[in-house]
Amino acid sequence: MPADEVALVQNTWNQVKTNEVDILYAIFKAYPDIQARFPMFAGKDLDSIKGTSGFALHASRIVSFFSQYISLLGSEGTQPAIKTMLNQMGQNHKNRGVPKQQFNEFETAVMSYMKAHVSFGPNVEKAWGDAFDKMYAVIFSNL
Ligand code: HEM
């Protein structure tokens, strides 16, 4: 990805990345079918699980993974590391039966979250779209 896009993604992500619980809540709220995939959350009321330690733990796992991916974007030397982490994640999620459609829902939910919380002009939206495309190109090759 071009350096200016990487900077836009990193700067906007830095503004929300400590809102882990809020981000996972927004994803589950918009897409209950994603929540339903988690044995520990399936069938439970979202507002009542939001404050639990299990919810915080999973929120921080997802957000840290994302933060790691975003921090590795940009420099050529980190491309093998990105591929390795994404392939591993793709395999884990294939084993759980997560379909592409749910990953696309995840993207839509994260994009909406970003739009609501940071200044999100067309250039930022394009940069985020490219970051997701690059991530999903590797993950989807495993599903
Ligand atoms: C773990 C589902 C997308 C990152 C898990 C687990 C489930 C799951 C069921 C196991 C939780 C546990 O029992 O501890 C899903 C579904 C997705 C999705 C349905 C649909 C979009 C993502 C995305 C990311 C991600 C987009 C990263 C940006 C992780 C990480 C773990 C995890 C880091 C913990 C490590 C592992 O066990 O693989 N996911 N996931 N997931 N997920 Fe996802």
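Which protein donor does the iron atom of the ligand have? In this predicted model, where local features need pLDDT of at least 70, side-chain atom pairs count only at pLDDT 80 or more, and totals for chains, interfaces and linings use all residues, it's His93, through NE2 at 2.1 Å, and that is the only one. Donors here are N, O and S atoms within 2.8 Å of the metal (3.2 Å for Na, K and Ca); water is not among the atoms, so sites may look incomplete. Histidine 93 sits in helix H6, residues 79-95; helices are DSSP runs of H or I with at least four residues, numbered from the N terminus. Residue numbers start from 1 along each chain as its sequence is written, and side-chain values use heavy atoms, leaving out hydrogens and water.

Turning to helix packing, H5 (residues 53-72) meets H8 (residues 122-140) at about 105°, with 12 Å between the axes. Axes are lines fitted to C-alpha atoms over the stretch in contact, with angles running from 0 to 180 degrees between N-to-C directions. That makes the two helices roughly perpendicular, a label covering 65 to 115 degrees. H5 brings Phe66, Tyr69 and Ile70 to the contact, while H8 supplies Trp128, Ala131, Phe132, Lys134 and Met135; contact means heavy atoms within 4.5 Å.

Glutamate 105, in helix H7 (residues 100-117), is buried yet has no salt bridge. Buried means under 20% relative accessible area (1.4 Å probe, protein chains only), and a salt bridge puts a side-chain nitrogen of Lys or Arg within 4 Å of a carboxyl oxygen of Asp or Glu. The nearest side chain of opposite charge, arginine 37, is 8.2 Å away.

Key
Buried means under 20% relative accessible area, exposed over 50%, partly exposed in between (1.4 Å probe, protein chains only). Lys and Arg count as positive and Asp and Glu as negative; His and the chain ends are not counted. Angles under 35 degrees count as roughly parallel, over 145 as roughly antiparallel, 65 to 115 as roughly perpendicular and the rest as oblique.
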